[in-house]
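Hi,

Here is the structure I promised to pass on. Have a look at it first, and my notes on what turned up follow below.

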Amino acid sequence: MAAAATHRRTTTPEAAVTGTYHVLIVGAGFAGLYMLHKLRGLGFTARVYDAAGGVGGTWYWNRYPGARCDVRSVDYSFSFDRELQQEWQWEEKYATQPEILRYANHVADRFDLRRDIRLNARVESAHFDERLGRWIVQMSQGDVISAQHVVMAVGTLSAPKLPEIPGIETYRGETYQTQKWPHQPVDFSGKRVAVIGTGSSAIQSIPIIAEQAAHSTVFQRTPNYSMPAGNRPNDPAAVAALKANYPTYRQAARDSFFGVPIEGPIKMAVEVSEAERTAAYQAGWDAGDLVALVGAFGDVLFDKAANDTAAEFIRNKIRAIVTDPAIADALCPCDYPVGTKRPCLDTRYYETFNKPNVRLVDVRKTPIAAIAPAGIRIRQGDADEEIAVDAIVFATGFDAMTGSFTRMDIRGVGGVALNDEWAGGAQTYLGLAVAGFPNLFTVTGPQSPSVLSNMMVSIEQHVEWIADCVAYLRDHGYSTIEARREAQTAWVAHSNELGARTLYPLANSWYMGANVPGKPRVFLPYIGGVGPYRQKCDEVAAKGYEGFTLTRSSHPTDTPTREVSAHAT
Ligand code: N01
C-alpha cells in the first residue's frame, strides 16, 4: 500500500537529540498520565509531550458551555489506585468538564507526574531510525527526543474539524469551536448566535447558549437521538455503598461489553412483549443512561427490527416534548438506526426548540449556500436567505480516531509514512500496534473498543498491557517488538467482520470515517466487547506476544537511563 516514492530516511541528525528516554509518550490526557505513572513504577525513564497548555487531553480543550461526560462519574474515573478512587469525591452523576479537568490535575499532582511532562510542545515528526533501533521525535518547541518506544496516547477525538462551507473565511463576526473553546467564559447575552452541528457537543451547549442569546439559530444536517441526562448531585450514601464494593464493581466493568456493568440478564427486544420493551426503554430513559437504553436488549445494535423499537420510543419522546409538530418532525432521526451514530445525553435540548427565539434550520431541506461576512446564507428553493448573526459556534466534530495520528509525520521501517499505510483505511493489530512501525504503541487505537466503551476502562487496559509488554521485552533481552502483517490483516478482517454484523455501517458516522470528505469508509472501532477484547489481548501476551516479532538487541545503546542534554529540562 505504501508508495515507494514516499519512502525516505529520517533527516533528523543524531547530534540534534536533546533527550533520551526508554519511552516517549505523546499526549497528557488520562492515557498519557497513567502511562507515565505505570512506566515509572517499572523503572523506565519516560517523558510526556502535549501541545496543550495543561494536562487533561480532551477535557483541556473541550470547554464549551454544558460540557460533561456522559458516562457516570463513578465509572469514568481511574480504578488503578485504591486510595485515589476512594478519596476523590465526584460531585455529580455526570461530571462537568471543569470537574474532570480538576481530577486530571489532581492525578498529575498526586503521582508527581508534572516533572516529566512538557506542555505547549506539539510532536511534528516521529521517525524510526533502523540503524539505532530507536524513534527520533521532533517537537515544535525544538526538543528532539530519542526513545526506544513511543506510546501514542493522542486520544480518539482530538483533531477538530471545521465544515467545508464556502465563504467561511469571510465571516466578520465572532467564531467559536466547541473543541477549542476559549478559557475565559463567553457571554452571548443580547447576541444573535448560530450553532452549526447537532452532535453531542452541540446538544450539550445549545440549551445554555439559547438561555443567554437574544436569538439562536441551530443548523442541523442530521438529527440525533438524545435523552435527558437526569443529572443531579451524587447521593453520598449511594456513592459510599458503591465505593465499599469498588473492587468487585470495577472488575465487572472490565469484564463487561461497554466498560460499564449492566445488571440483569440480556434479553432480545424482538422476543419480548411490547409492554416489556417499552418498560425497559422507559427505565433507561428515566435513569438518564444511554447504555441502559441502547443496551436494554441484546439485539438493538444488531437487528434492524429490534432497533426500530428503540428508535421509535425515542422519536415518540421527541414528539411529546416539542410542541410544533413540524419542528418535532425535523428533530426526529429517521434514516439511521439508534446507536449507530453516537447517541447523546442532554439537559432540556428538545425543550429549547419550544422557545420563540430559537430557530431550527434543517440544512437537508434548506442547505447552507455560504457563510457571508455578516451571517449564513441558506438556499430556499431558487432564492437565498441570509440569516444575520453576531457569532457562529462550530460544533462540527473531529477527524476521529485517525486524525490525531495522520496530522503528525510518523515514519516506520524503510521510511514508510503512516499516512500511506493508512491511505486505504487504518489498520492495526489489536488497536495497539501497526505492522512496519516497531516499538510504537497506540492507546485506544483503531480496531480496539475505544470509543464504543467507557474510555477509562479501555485506557487502563491498554496502558497496563503496553507497560507489561515493555517490561517483558526488557526482562527477556528484546529490543524491538513489531506487529506481524499477517496478524494485523487477520485482526482487521475480524474487526470488520464483527462490524459488518452490526447496524453501524448503515449510518454516515464518524465511526465510519464518513464525516471527513475523502476518508476511507471503514468501521474504525472494535465491537467485540471490552471483556472479550481484554481476554484476547491477555492471551496474546501469555503466548509470548503472539502475532508480534520480537528481536534481540544488536544496539549497545538501547537501554537509556538518563537524559543526555541539559537543554531538555
Ligand atoms: O461532533 P459530532 P461532536 N454542515 O461529529 C455536523 C464525543 N463527545 O463534537 O451528523 C452542517 O458528533 C454533523 O452533521 P452530520 C462523542 O463521542 C462526548 O458533537 O455529519 N452540519 C454533526 O451534527 C461524540 O460523538 C461528549 O450530518 C455539519 C456535527 O456537526 C464525539 O465526541 C460530549 C457540517 C458534528 O457532530 C464528537 O462529538 C461531546 C456541515 N458542513 C462529545 N459538518 C460526552 O461525553 C459537520 N456537521 C457527553
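One cut-off before anything else: an angle under 35 degrees between two axes counts as roughly parallel. Please also keep in mind that this is a predicted model.

Now to the helix pair where that cut-off matters. The axes of α15 and helix α17 (residues 530-542) come within 11 Å and cross at roughly 0 degrees. The two helices, α15 and α17, are therefore roughly parallel to each other. On the α15 side, the contact is made by V457, S458, Q461, H462 and W465. Facing them from α17 are V530, Y533, R534, C537, D538, V540 and A541. Sorted by type, the residues of this contact between α15 and α17 come out as seven nonpolar, three polar and two charged.

Helix α15 also turns up in the core. The largest nonpolar core has 154 residues, and I25, F30, M152, F188, W465 and F548 have the most contacts inside it. Helix α15 (residues 455-475) gives the largest share of this core, with 11 residues. A second, separate core has 15 residues, including Y171, A194, I196 and I371.

Leaving out neighbours within four places in sequence, F30 is in contact with W59, Y76, F78, I100, Y103, A104, M456 and I459.

Next, helix α6 (residues 236-244), where V239, L242 and K243 are buried. Why do they sit on the same side of α6? Because they cover an arc of only 100 degrees around the axis. In general, an α-helix has 3.6 residues a turn, so residues three or four places apart point the same way. On the other side of α6, A237 and A244 are exposed. The cover over the buried residues of α6 includes α3 (82-87) and α7 (246-255).

Last, R72. You will find R72 in the loop between α2 (58-61) and α3. Is R72 buried, exposed or partly exposed? Its relative accessible area is 30%, so R72 is partly exposed. Not counting residues up to four places away in sequence, R72 touches K93, Y94, L242 and Y249; L242 is one of the buried residues of α6. R72 and I527 are 455 residues apart along the chain, and their C-alpha atoms are separated by 21 Å.

Happy to go through any of this with the viewer open.

Cheers

Key: Residues are numbered from 1 along each chain as its sequence is written. This is a predicted model: local features need pLDDT of at least 70, side-chain atom pairs count only at pLDDT 80 or more; totals for chains, interfaces and linings use all residues. Side-chain values use heavy atoms; hydrogens and water are left out. A nonpolar core is a set of buried Ala, Val, Leu, Ile, Met, Phe, Trp, Tyr and Cys residues joined through side-chain atoms within 4.5 Å. Buried means under 20% relative accessible area, exposed over 50%, partly exposed in between (1.4 Å probe, protein chains only). Helices (H or I, at least four residues) and strands (E, at least two) are DSSP runs, numbered from the N terminus. Contact means heavy atoms within 4.5 Å. Axes are lines fitted to C-alpha atoms, for helices over the stretch in contact, and angles run from 0 to 180 degrees between N-to-C directions. Angles under 35 degrees count as roughly parallel, over 145 as roughly antiparallel, 65 to 115 as roughly perpendicular and the rest as oblique. Ala, Val, Leu, Ile, Met, Phe, Trp, Tyr, Cys and Pro count as nonpolar, Asp, Glu, Lys and Arg as charged, and the others, Gly among them, as polar. The arc is that of the directions from the helix axis to the C-beta atoms.
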